[in-house]
Amino acid sequence: MSDVFGSLVKQWSLNENVDKADWLIGAGLFTKAVHGVALRSMKAPGTAYDDPTLGKDPQPADMAHYVKTTQDSGGVHINSGIPNRAFFLAASGIGGFAWQKAGLIWYRTLVGALGPSSGFQAAADATTSVAGALFGDTSVERKAVVDAWATVGLKARPVSMPSLTMAGKATARPT
Amino acid sequence: MRIDLERTGGVAGIRLATTTASDSLPEPAARELTRLVDASGFFALPARIDADGAVGDRFTYTITIDDGSRSHTVTGERRGRARGVEAADWLADAVDAARAAELGIWNSEFGIRRTNSEFPIPNS
């Protein structure tokens, strides 16, 4: 979630659409001594670095490669590759500027439908439910969210939600 | 004595790991390392030392020490607790041992390693 909103801020500030954005977290942090472009890649988890000292970016891109570990507080910065990629896929499926629709779905989900101990399945279910409530159950936006989670190995089980309005929606970048 | 030290997690999620063996150290350093490990009570620590509450961005440390006759691994957080017993100092003690042994303590998240000359073994 932090990576999602961090990337959205970057995309908004650079006025980048989903195709132009680099979807990297921490790009430019490494010195030339490190073989890598960033800490994490939302678009291609596991490819951000491959370095003799740091090792290879350990992030999985789907549930089939979920890392069960006691390290990293249970792999929270490792397995985040899975929901990160789901967001990239959803935003790409919707198209345009990621903060306008995909970002809104994730934001509404974060503030209204998830708790501190929610897991990936809950995130898939809730983002799908919120997308349906915001854009309609037959909308391309909701379908993009469902397809995104399916690609990373999670079948969304949406629950019925009261209709949400687009009030306070993210608008185009002020010029 | 052999010590493996691994740090994972943090916001960056970068894994740092290093290993040292006391027989590769100068004799005074090896002696100091043994003293610090003994003082830390490392072999009596539980295998897991979890923190109160979930703070996903904290570092997780795993330290394995093999003194030739026994091997023990502890995974946990710096301010972890174990079975209600305060174990806040376990890591500081172990890291002190690691420093003294020039295990390689990192001065940033991003791959800059302190050299021996930057981290002299304290005189005791």
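Analyst: For the classes of lining residues, Ala, Val, Leu, Ile, Met, Phe, Trp, Tyr, Cys and Pro count as nonpolar, Asp, Glu, Lys and Arg as charged, and the others, Gly among them, as polar. This is a predicted model, in which local features need pLDDT of at least 70 and side-chain atom pairs count only at pLDDT 80 or more, while totals for chains, interfaces and linings use all residues. Residues are numbered from 1 along each chain as its sequence is written, chains are lettered from A and ligands numbered from 1 in the order in which they are written, and side-chain values use heavy atoms, with hydrogens and water left out.

User: What lines the largest cavity, by class?

Analyst: Rolling a probe the size of a water molecule over the atoms shows where empty space is left. On a 1 Å grid over the protein atoms alone, a cavity is a set of points where a 1.4 Å probe fits but cannot get out, and lining residues have an atom within 4 Å of a point. Here the lining of the largest cavity has 4 nonpolar, 3 polar and 2 charged residues, including Tyr49(A), His77(A) and Gly13(B).

User: Is Asp125(A) buried or exposed?

Analyst: Buried means under 20% relative accessible area, exposed over 50%, and partly exposed in between (1.4 Å probe, protein chains only). Asp125(A) counts as buried because its relative accessibility is 12%, and it is found in helix H5 (residues 120–135) of chain A, helices being DSSP runs of H or I with at least four residues, numbered from the N terminus. Of the 16 residues of H5(A), 13 are buried, so the helix is largely enclosed by the rest of the structure, and just after H5(A), Gly136(A) takes a positive phi of about 105°.

Definitions and conventions. 1 Å grid on protein atoms, 1.4 Å probe; cavity = no way out; pocket = protein on both sides within 12 Å on 5 of 7 lines; lining within 4 Å. Helix = DSSP H or I, 4+ residues; strand = E, 2+ residues; numbered from the N terminus.
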